[in-house]
Amino acid sequence: MSVTAKSRSTVERANEILTDEALAFVDALHARFADRRDELIAARRVRREEVARTGRLDFLPETAEVRSGDWRVAEAPEALRDRRVEITGPATPAKMAINAMNSGAKVWLADLEDANTPHWFNVVDSQVNLKDAARGTLHYSSPEGKTYALRTDAPTAVVIVRPRGWHMDESNLQFDGRDAIGALVDFGLHFFHNAAHLAKTGQGPFYYLPKTESHLEARLWNDVYTFAEAELGIPHGTVRATVLIETIPAAFEMEEILYELREHASGLNAGRWDYLFSIIKYFRDAGSEFILPDRADVSMTAPFMRAYTELLVRTCHKRGAFAMGGMAAFIPNRRDPEITDAAIAKVRDDKLREATDGFDGSWVAHPDLVPVCMDVFDAVLGDKPNQLDKLREDVSVTGDQLLDVASAPGDVTEAGLRLNLYVAVAYTAVWLSGNGAVAIHNLMEDAATAEISRSQVWQQVHNRVRYSDTGNEATPELVGRLLDEESERLRSEVDASSFDRYYAPARELIRRLTTEDDYVDFLTTPAYEIVA
C-alpha cells in the first residue's frame, strides 16, 4: 500500500476511520485516478490562458450532439425527491452536525470543503461524525453536561456530503511520496465506511461536487463512483451526485456535466458566491467590461446572474434533474429584531424568486431560516415534492448573456474596497484557526466570500480602477494602507494573542494575494501551507 499517514490524528476515534482497509481503498482510488486528476488540473490552466488571450468563453461545438440529444438522468431515489430546503454547514464539531440534522430541513449538506478547514483534526472528526450520522448514533455531551442527540420525534435531514474540490491536496496522507488528493481522501473514507449501510437504508451515499470546471472533470467523478461501487459490491448507480455550477466555464457545460454523470446525477446547484469569484478569476485581465461593482451590490437580479440561474433550471428539468437554489447566509440576531426582520424579508423575497423560477429547493445557513424557506417552497409546490414538470421552455440563454457583467448595476467604491479587505482578513484569520464557517456582520461566511473579496481587490489594482466615491485610483499603495487600517480595526475587536497568531499572518497573506502580479487561483492553497 502506497498511501500512508504522515501525521497521527488527535481525534479520539481516529483508529475507526484510518484503518488499514480504508487506507487501502483510498490507495486504490489514487492508483487509478490520481494521474487523470493532475491532467485535468493542468487543462484548467490551458483553458484559462486561452480566455486571457481571447476574452471569450462559449458553448462547446464538439459537444453539440449532447445538448441536442434525447436523454435524461437516472430517476431520483425516494430519499432525494423532496429537497425544498437544504441546510449547509461543516460536519465538525458534532454539536453543529446534530443541529443541522435536527433543523427540519429536508437535506443537510455536510461540508468538508468551503465551510470546513482541512486541519487534520477536522478532516478525521468529520468522518467520525458522518459515520455516526449514517447510523443514527451521533451525539455530543458538552463540558457543562448538556447532551445533544439526533431527534426521534421527526425525520432528520438526509445527508449529502461535499468533499474538497479537485484542486486541494491532503498533506497528512502521502501517496507515492506526494500529498494525497483531498477529494479522493474525503470521498474514499466516507464511501468505504458508510456506502453499504446507506445503500441498505436508502439514505445514500449522496454527494455534492464543488469547483467543477468541465464535463471531463464530471466524467472523472463518474468513473470514481463506478469503480468504488464495484470495489465494495454496491449496486451500480447507487451513488447520487449534485454538481455545484459555481464556475463560469461549468455554466457553459451544464448539460454535458449532467450527461457524463447521468447514471449517478441528481441535480445542479447555483453556487452563486463562488460563481462570482470564478468570473472575476477567469476575466481578471479581460478589461473594464468585466469589473464587477461592489460585492454587496451584485444581486441575483443582475442580468448575467438571471441568465445563469434560469439556464440552470431549464437545463436540469429538461434532463430530469433537480435545480437547487443558492445560499441564504443571513444569521438572525435576536438582540436586534429590526435588522433581523428586514433581513428575513430579503431572504423570503430571494427564495420566492427561486421557487417561482422553478427551482426545486434552496439553501440556508442557519436553522432559524429553515421555516422561512420552507414556507415559501410549500406555498409554490403545494403537495408536489419538486418542480421537475416546470420545464422553462421559455428560457433561451446565449453566451453573451452569461458574460454580460457590464450591465450589472452598482458602483465600485473605496468603501467597498475597505469592506473586502476587512472581510478577507477576518475570514482568513478564523480559517487559519481551524474554523471554516465564520459569522461576520450577521452573515455566515465561507471561503467563497474571502475569495470574491481578495479577487475583486486584485482585479481593481491590476486594472487601475478609479473609485467612484473618492476618485482615488486602485494601487498597491492604497490597498496596503487601507489593509493596515482595517487590520488595526480588527485588532481592536479580538484579543491580542489571537491577532498575533492568526490575524497578522492573514493580513500578510491577503496583502500578497491582492497586490502581487501573479494571481493565485485559490486562497485556501497558500493558507493550507501555513497550517499544514
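Is Tyr282 buried or exposed, and what is its relative accessible area? Tyr282 is buried, with a relative accessible area of 3%, where buried means under 20% relative accessible area, exposed over 50% and partly exposed in between, for a 1.4 Å probe and protein chains only. This is a predicted model, in which local features need pLDDT of at least 70 and side-chain atom pairs count only at pLDDT 80 or more, while totals for chains, interfaces and linings use all residues. Residues are numbered from 1 along each chain as its sequence is written, and side-chain values use heavy atoms, with hydrogens and water left out.

The aromatic rings come next. Rings of Phe, Tyr and Trp (its six-membered ring) pair if their centres lie within 6.5 Å, and planes under 30 degrees apart count as stacked, over 60 as edge-to-face and the rest as tilted; by this rule the count comes to 20 aromatic pairs. Tyr282 and Phe283 form a tilted pair, 6.4 Å centre to centre with 55 degrees between the planes, and Phe283 is buried at 0% relative accessible area. One aromatic cluster is formed by Phe25, Trp166, Phe187, Phe191, Phe192, Tyr207, Trp221 and Tyr225.

Arg284 lies over the face of Trp458 at 5.8 Å from the ring centre, and Arg489 lies over the face of Tyr422 at 4.2 Å from the ring centre.

What of the cysteines? The structure holds zero disulfides, a disulfide being a pair of cysteine sulfur atoms within 2.5 Å. The sulfur of Cys316 is 17 Å from the closest cysteine sulfur, in Cys373, and is therefore too far for a bond. Cys316 is buried, at 0% relative accessible area, and Cys373 likewise counts as buried at 0% relative accessibility.

A cis peptide bond joins Thr92 and Pro93, with omega about 0 degrees, and Pro93 has its place in the loop between β2 (85-90) and α4 (94-101). The peptide bond from Gly204 to Pro205 is cis as well, with omega near 5 degrees, and Pro205 lies in the loop between α6 (182-201) and β9 (206-209). Arg392, a residue other than glycine, has a positive phi near 50 degrees; it is found in the loop between α13 (370-381) and α14 (399-402) and counts as buried because its relative accessibility is 11%. Arg464, which is not a glycine, has a positive phi of about 50 degrees and lies in the loop between α16 and α17 (476-491), where at 46% relative accessibility Arg464 counts as partly exposed.

Definitions and conventions. Lys NZ or Arg CZ within 6 Å of the ring centre and 35° of its normal. Helix = DSSP H or I, 4+ residues; strand = E, 2+ residues; numbered from the N terminus.
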